[in-house]
Amino acid sequence: MKEGKVHQTCACHSRSSVLTSLVITNDSVSNSLSVKGCFELQERCLQNPLENLELTCGYLLEEDVKCLSQYPSLGDLKHLNLSYVPLLRLSLEPLGALLEKVAATLETLILEGCQIHYSQLSAILPGLSRCSQLTTFYLGRNFMSVDALKDLLRHTSGLSKLSLETYPAPWESLNSLVRVSWKIFTPLWAELMRTLREVRQPRKIFIGPTPCPSCGSSPTV
């Protein structure tokens, strides 16, 4: 675990001050996230299940990711946000185990900008495919091949409640400046949509450099 201060915000439930949300953002000096210590404090003092967990904009160590699936307080998790936490060099098997653990309750999964490589994707697909309550899934700004995205979309066939989803443009459509080549991207987008519609009908989906579902802005391409 890296040393350093951590900014932590805990939102309490309206009933008897029960902690249901834990938000940890990066420290401006160390840029590390002290995850294990916060979990141990919550387990020791509160013994209440968390519904919302946000670990954002910092770095996790291997031991941090492993502890995610080990704490009983995460068994009823509804919202998980790991946006902009680099996961490229870490095993995602513990994250896959956590998804299986919370498959009956998870509604929001945000893995935006986590630098996930398509070779890592298989570790989380079995758990993801069981998240039957999932309504929101963000996977944009990660490094995915078109074949990996097709495999991912097929694994969402049972996610009938999914109403908002974002995915990155496949790496095959990126030029030397890591910007989308529309000439290549357009037929690949159509191919991905055909793959998805073979297993389910999407509601609101954004693939590649499309407008942000929150603010409507588009990235520079």
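Helices α5 and α6 are roughly parallel to each other (an angle under 35 degrees), because their axes, which are lines fitted to C-alpha atoms over the stretch in contact, cross at roughly 25° and come within 9 Å. This is a predicted model, in which local features need pLDDT of at least 70 and side-chain atom pairs count only at pLDDT 80 or more. Residues are numbered from 1 along each chain, and side-chain values use heavy atoms, without hydrogens and water.

**Helix pair**
- Helix α5 covers residues 146-154 and helix α6 covers residues 182-197, helices being DSSP runs (H or I) of at least four residues and strands runs (E) of at least two.
- The contact (heavy atoms within 4.5 Å) involves, among others, Val 146, Leu 149 and Leu 153 of α5 together with Leu 188, Leu 192 and Leu 196 of α6.
- The residues of this contact divide into 6 nonpolar, 1 polar and 3 charged.

**Strand pair**
- Strand β7 (residues 164-167) and strand β8 (residues 204-207) pair in the parallel sense over 4 bridges, where pairing requires at least two DSSP bridges.
- Tyr 167 has Ile 207 of β8 as its bridge partner.

Conventions
Axes fitted to C-alpha atoms, helices over the stretch in contact; angles between N-to-C directions. Parallel < 35°, antiparallel > 145°, perpendicular 65-115°, else oblique. Nonpolar A, V, L, I, M, F, W, Y, C, P; charged D, E, K, R; others polar.
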